[in-house]
Every structure is written in C-alpha cells, then in structure tokens.
Amino acid sequence: MKISKIRVLAGIMIMALLLLQVEVPQRVNAAGRPVMMVLNAKAILIKPKQKQTLKVAFVAPAKASKSVKYEIANRKIATVSKKGIVKGKKIGVTTIRVTSKKNKKIKKLVKVIVAKELPKKVTLSAGSLKLKIGNKKTLKTTVTPKSVLKTNKKGYWNSSNSDVAEVTNKGVVKAVKEGKAVVTFKTMNGKKASCSITVISKEDTTKPISTETPAPEPAGSQEPTAAPVITAEPASGSSITSEPVSGPAITSGVVSEPVSGSAVQETALKQTGRGPLQGQGLWKRCLQNIKALVKRVGE
C-alpha cells in the first residue's frame, strides 16, 4: 500500500512539472502580442518609380512583436514588398492594409498617392509663438512648388508636448499650461516645418484703484442757482382802510369817479424804492387828496 501511494504521488509531481514546462512558453508568446500599433506614415505620396518605406514605429506593450503583413489594393498603381518598401508605378491612388501577425485584429490602412508633382518645401506663417494660457493661434502652411495639387499639399500636425500646447488638424494651436513645445507640420512625402511655442501665464486682470482727482464739471453743466428773493414788509401806515362810501370806489390806492359818463383820471399813490408811503409829508398829502375827493363826491 505504501509503495502504491508513493507511485501515485510521483506521478502527480511529474504531471505538474510537464504542465509548467508547457505554460512557460505560452506566457512568453502572449507577452509578444501587441495590443496597439502605430505606423511611421498615415499616407504615402510618391512619384512613379519612386520608393518609400512603410514600417511600424510603435507598439504596446513595448516588447511586443512588430511583425506585420502588407497588402496593396491595386498593384498597377503601386507595389509593396514584404519589408514595407512601397514603389510607385503610375499616377493614381490606392490603399495598403497592414496587419499584425501576432494580433490579426490590429489593422491599419495607408493611402498611397502616385503623382507627377510633389512638395519640395513647406514653411509656416510663424517660426515661433508666445501665447498666454487659454489663447489660440492658427498657423498657416505654404507648400512649394505651386504646381502641386491642392490635395497633395495636405499633411499632418503634431505637438512635441500636448500638455503645454495642443494643435488641431487645421493648424490651430492652443496654449494649455506654462512651458515650451514644438509644433510640426509634415507633408505626405515627408517635408517638414516647425514652430516653437512658448506658453506664459495670464496677466493680472485686476484694475488698479485710481488716485487721480476727478476733473471739475464744465460751468454750463451745473444747474443754475435761483437768485435770492428779497421781500420787504410794508412800513406802518402804508396800508389804507376806509369805510365804504356811496360813490366812487377806491382800490389799490386808485380813486375813480364817473363824471358825465367819462372816467375821471386816476390818482395813484406814489411809492419810493424802499417801500410804499414812507415819510410824514407823503402821508399828509395822501390824506388831503382823499378828503378832497370825498368832498367832491358829496357835492
């Protein structure tokens, strides 16, 4: 019984060792399988008989296999070798499909353009820019010679540090945070132009408190001030009261008497500039005139 148990345990140990030997190579192969792949070009622009190499630039994980398979749609326009060497044959457009050999789910399509004229030089509207955080600036490209077709003047934008400065596929640069970056435009046939970007912080937008004395308003804008009104009380004896009498009426110091249908000339009590009926002489004359008028009315 003991011998049989020992044999069973020995058999189990041997099987375990065999399983470990099988699993180790499988894990090594699994580590070489890429989950992401980036090529060195998104499009290829060449002349007839001209060559350009298409290859894998980056894979993840870093130690994964870069082995790929190349297939071209139209061999009459261009050809591609097993090593990714693309050769133009005649003017036209075709497509290359690149598939990872270790992970066939990863596939990339690359446009191939065979043209008569290619860009020889490209320049940007600015060689350097200084932007505040949050600001934007559009970079424009100039491709020579002018005879190059507009579609063949297109290319790709890239930022060396997108945390500092971002760039869109239309060349719009946006400042993200303080620092430096380089924005590059690359044509489909590999011509490049770059712009150095420096991002600075925003300035303080707080307005300083003004210490200047406000300017006086124009004289014409001030509201007119009303002149003081001076009133003088009449002196004692300036007002005359009399009992109503039959005959002519006395109003406001004016006495009128109808004589044979015509109005009698009014006699006014004169006033000085300082007040009405001031002084003993004026007062006596006034009383004499009143008595004379009353006597005439009685007659």
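How many aromatic pairs does the structure hold? The structure, a predicted model, holds one aromatic pair. Trp157 and Phe185 make up this pair. The protein has 299 residues, of which 25% count as buried, and its secondary structure comes to two helices and 24 strands.

**Aromatic pair**
- The rings of Trp157 and Phe185 are tilted, with 55° between the planes and 5.0 Å from centre to centre.
- The pair links distant parts of the chain, its two residues being 28 residues apart.
- Trp157 belongs to strand β14 (residues 155–159), while Phe185 belongs to strand β17 (residues 179–187).
- Trp157 has a relative accessible area of 15% and is therefore buried, the cut-off being under 20%.
- Phe185 is also buried, because its relative accessible area is 4%.

**Nonpolar surface patch**
- Val35, Met36, Val38 and Phe58 form a nonpolar patch on the surface.
- Together these four residues have about 360 Å² of accessible area.
- One of them, Phe58, lies in strand β4, which spans residues 56–60.
- Phe58 counts as partly exposed because its relative accessibility is 41%, and that class lies between the limits of 20% and 50%.

**Whole-protein values**
- The accessible surface of the protein comes to about 22,600 Å².
- Carbon and sulfur atoms account for 55% of that surface.
- Of the contacts between residues at least 6 apart in sequence, 56% join residues at least 24 apart.

Note on methods:
Residues numbered from 1 in each chain as written. Predicted model: local features only at pLDDT ≥ 70, side-chain atom pairs only at ≥ 80, totals over all residues. Heavy atoms only, no water. Patch = residues over 30% accessible without salt bridge, like charges linked within 9 Å, V, L, I, M, F, W, Y side chains within 5 Å. Areas by Shrake-Rupley, 256 points an atom, 1.4 Å probe, with all protein chains shown as cover. Salt bridge = Lys/Arg side-chain N within 4 Å of Asp/Glu carboxyl O. Helix = DSSP H or I, 4+ residues; strand = E, 2+ residues; numbered from the N terminus. Buried < 20%, exposed > 50% of the residue type's maximum accessible area, 1.4 Å probe, protein only. Phe/Tyr/Trp six-rings, centres within 6.5 Å; stacked < 30°, edge-to-face > 60°. Contact = heavy atoms within 4.5 Å.
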